[in-house]
Structures are given as structure tokens and as C-alpha cells.
Amino acid sequence: MILAVTAGKGGVGKSTVAYNLASELDAVAVDADLGMADLPSGRGPDLHDVLADRASPFEAVQDVGAVSMIPCGRSLAGARAAEPTALVETVEAVARRYGSVVIDTPAGMRSDAGLPLLAAEACLLVTRPTRPAVADAVRARELARVLDTPLVRVALNRVDPERIGTQTERQRRLAGALGAPVHKVPDSETVAQAQRSGQPVRALDDSATATEQFESLAAAVERSLG
């Protein structure tokens with residue numbers, strides 16, 4: 001399984017959702033934002049090195065926190081040396097060896113946002129319950145549609161915890177506009193603490209509401225992809 005986690009704009013929590021989904025799915029997380037990496041970083045070869053043919057994909061797989069991943073370098077020189085078109089074969093090679101991959105894609109409509117979608121079997125779209133974020137999500141959905149990458153779920157992030165269990169009219173409209181079921185992820189201090197520590201939420205509190213929601217979201221993705 002290769003799942004791309006995408007978003008119409010930055011700041012909606014895309015990388016947090018991708019990292020926690022990788023944890024729940026026991027997948028390798030790939031930080032494919034070559035210019036603005038946001039997942040936890042490790043030591044050793046990274047995606048810049050792989051795409052510059054300085055390391056193999058398997059040399060770059062590291063255990064960062066509780067998640068296996070290929071981190072991405074932070075340097076401008078590394079980004080310039082990388083050959084983005086090699087991303088597809090890199091991700092496919094990792095999926096053949098490890099089984100499941102979750103790609104954290106660049107946000108928005110940048111030219112490099114399309115490559116992870118091309119590499120993926122399906123995508124998950126992250127947005128927030130604000131009008132600007134939803135408008136950008138619609139544009140990101142169109143990019144996935146053009147590239148023929150099925151959208152399996154929408155993660156509505158940083159929702160008021162008191163509304164997690166309710167089906168709102170906004171949620172129904174969003175599902176209709178984007179053409180996929182909407183799954184809520186709560187605004188949570190536990191998520192913020194996990195993000196600061198470079199850990200998935202489950203590693204901090206396996207009974208937290210956010211942990212349960214990420215577990216439920218991962219199970220829904222698995223059902224959708226068989």
C-alpha cells in the first residue's frame with residue numbers, strides 16, 4: 001500500500017496526520033517535501049541523498065521515534081542536488097520491501113506536489129474547519145483527480161473535541177464537495193506534545209481521543225484499500 005497524505009495549504013496539520021497514520025499502519029513514512037521537510041529528522045542518509053543517487057532507499061530507512069521513515073534533508077544544496085523524478089521508483093522500491101508507505105507530500109499546488117500523488121495508490125486529504133482551508137482543499141482534490149489518484153478519506157483536523165462525535169451539516173457538505181468520507185481529528189494538547197517530542201500520539205497516551213481517532217482513520221484507509 002502506498003498512501004499520499006496531501007493538503008491544499010500548509011499549516012493544516014498534514015505532516016502530523018501523515019506521521020501518526022504511518023505509526024498506526026506500521027508503514028514507512030517518507031518525507032517527500034524536498035524544500036520544506038517537516039517530519040522528524042534522523043541521522044544518516046536521507047531522501048535528498050537517495051534522489052541524488054548517493055544512497056539506496058533502504059540505506060535511508062531509519063527508526064525515528066516509534067516510526068520507520070525516510071527523513072528529508074533540510075539544506076538548500078541537498079534539495080538542489082536531488083532528482084525529484086526518482087521519487088516514484090524510490091517509493092515503489094520501499095513498498096515492495098516493507099509493505100506499506102505513507103508519503104508526506106508538499107502542500108499546495110507546487111509542481112513537486114504531483115510526484116508523490118503519481119507514486120501513490122490513493123491519497124488522503126487534510127484540511128481544517130475554516131473556509132480558506134476548505135477552498136484550498138478543493139483545489140488539491142482537483143490535482144489528485146487530474147492525476148487519477150483516488151481520494152479515500154478527508155481528515156478534518158483540529159476540530160473542537162466536543163464535536164468529534166457529532167455529524168454536522170458542514171461535515172456533510174465537505175464530504176459531498178470532496179467526494180470522500182470525512183474523518184475528524186481533535187484539537188488536542190496531547191497531539192501538540194507528541195509533535196514537539198517527535199513521537200506519534202500513541203507513544204504518549206494510547207487512550208487519548210486523538211489516538212483513537214488516528215486508529216479509526218487508519219482502519220478506514222485499510223478497508224478502502226483492501
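Predicted model: local features only at pLDDT ≥ 70, side-chain atom pairs only at ≥ 80, totals over all residues.
The largest cavity has a volume of about 50 Å³, and I noted the residues that line it: Ala32, Leu34, Leu47, Pro84, Leu87, Pro106, Asp112, Leu115 and Pro116. Sorting this lining by class, I counted eight nonpolar residues, no polar ones and one charged. Asp counts as charged, so I take the charged residue of the cavity lining to be Asp112.

Next I looked up the open spaces, where the largest pocket comes to a volume of about 430 Å³. I listed 27 residues in the lining of this pocket, and the closest to its centre are Gly11, Val12, Gly13, Lys14 and Gln195. By class, I recorded 10 nonpolar, eight polar and nine charged residues in the pocket lining.

I then asked which elements supply at least two residues each to the lining of the largest pocket. These are helix 1 (14-25), strand 7 (151-159) and helix 9 (189-197), and helix 1 gives the largest share, with four residues.

My last entry concerns helix 11, which runs over residues 209-225 and has 17 residues. From its first C-alpha to its last I note a reach of 25 Å, which is close to the 24 Å expected at 1.5 Å a residue. As the buried residues of helix 11 I wrote down Ala210, Thr211, Gln213, Phe214, Leu217, Ala218, Ala220 and Val221. Following the chain just past the end of helix 11, I came to Gly226, which takes a positive phi of about 70°.

Definitions and conventions:
Residues numbered from 1 in each chain as written. Heavy atoms only, no water. 1 Å grid on protein atoms, 1.4 Å probe; cavity = no way out; pocket = protein on both sides within 12 Å on 5 of 7 lines; lining within 4 Å. Points joined across faces, edges and corners; volume = space filled by probe spheres on them. Expected span 1.5 Å × (residues − 1). Buried < 20%, exposed > 50% of the residue type's maximum accessible area, 1.4 Å probe, protein only.
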